[in-house]
Amino acid sequence: MKLSDVVIIFVLALLAAFVWLRDTTWMSSSDDTLPILVALPIFVWLGWPWRFLEHSGPIPKLPIAIAAILFVLGIGGNLTILLAIGWTLLLWTWLAARTDPADHSKIKKLLILPFMAFPWVTLDAGPLGWWFRLSGAHVTAALYSLLGFNVIQEGTHILINSLPVSVEAACAGLNTLQSMLIAGSVVAFIFLGNSNRYWWNLPLLVVMAWVANTLRILVLVAAALIVSPEFALGAFHTWGGWLVLMVMFVCCWLIFSVQEPEPSESKPV
């Protein structure tokens, strides 16, 4: 690795720190948000060995200009997702110029991890959180109604046998959604990294995250009905987030392992 590479890594680190510290709203849920930083060391680990070229051409200017535009738009529009895309584009532009072309297919698949290493879900995905809450409330109301409970639903508020249930923002799963997507992406790469099935399975991660989070709401309501509301809102509620993460991981493992191609079918795409 050349001195210029060290300088570029330093600049990327400064830009990453800027993206994280520009809007510190995520600090209110830092226990759930900070763990997404693990995506960066996982990116390095899964991409190993990194084979840097002894001699390489200049880094192209067009992707850098596009990344700069994304940064300007992200700052002006207060959209962390644009900053995350811009930073990831800069990372790829450098790696594409400095690493062995034979590794580029693998690296492109892994770029989902550095993209996920920024808190854009927590900061930008409010509408997605509302959809998670509302749909989770609908499923919960429908299921408990089928089970014979007296259910009244108004938006994200449900009354089940006189027990008021409110699917608040904390139940939207946004704080753990990014961690679930990172875990799912890692499992997808492990099983499908050598197949084009990897790409069309990525959207499935959001669906599985929704299923896992809706299951969490159902379990919390069951705990409130069977034990007590205080129990459901206590430590059980906190550990529910980790339960969702484990359910997501297991679901991904099962679904992707079934799709794993035979060695003769595998080819980098």
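Mentor: Let's start with pairing: two strands pair if DSSP finds at least two bridges between them. Strands are DSSP runs of E with at least two residues, helices are runs of H or I with at least four, and both are numbered from the N terminus. Here, S2 and strand S3 (residues 163-166) run antiparallel and are joined by four bridges.

Trainee: Before we go on, what kind of model is this?

Mentor: This is a predicted model, where local features need pLDDT of at least 70, side-chain atom pairs count only at pLDDT 80 or more, and totals for chains, interfaces and linings use all residues. Residues are numbered from 1 along each chain as its sequence is written, and side-chain values use heavy atoms, leaving out hydrogens and water.

Trainee: How many helices and strands does the chain have?

Mentor: There are 13 helices and three strands. Strand S1 (residues 151-154) also runs antiparallel to S2, again with four bridges.

Trainee: Which residues are the bridge partners?

Mentor: Ile-152 has Leu-159 in S2 as its bridge partner, while Ile-160 stands opposite Leu-163 in S3.

Trainee: What should I look for in the turns of the hairpins?

Mentor: Look at phi. With two residues between S1 and S2, Gly-155 takes a positive phi near 65 degrees. The hairpin of S2 and S3 also has two residues between its strands, and Asn-161 in that turn has a positive phi of about 50 degrees.

Trainee: Which residues of S2 are on its covered face, and which on the uncovered one?

Mentor: In S2 (residues 157-160), Ile-158 and Ile-160 make up the covered face, and His-157 and Leu-159 the uncovered one.

Conventions:
Buried < 20%, exposed > 50% of the residue type's maximum accessible area, 1.4 Å probe, protein only.
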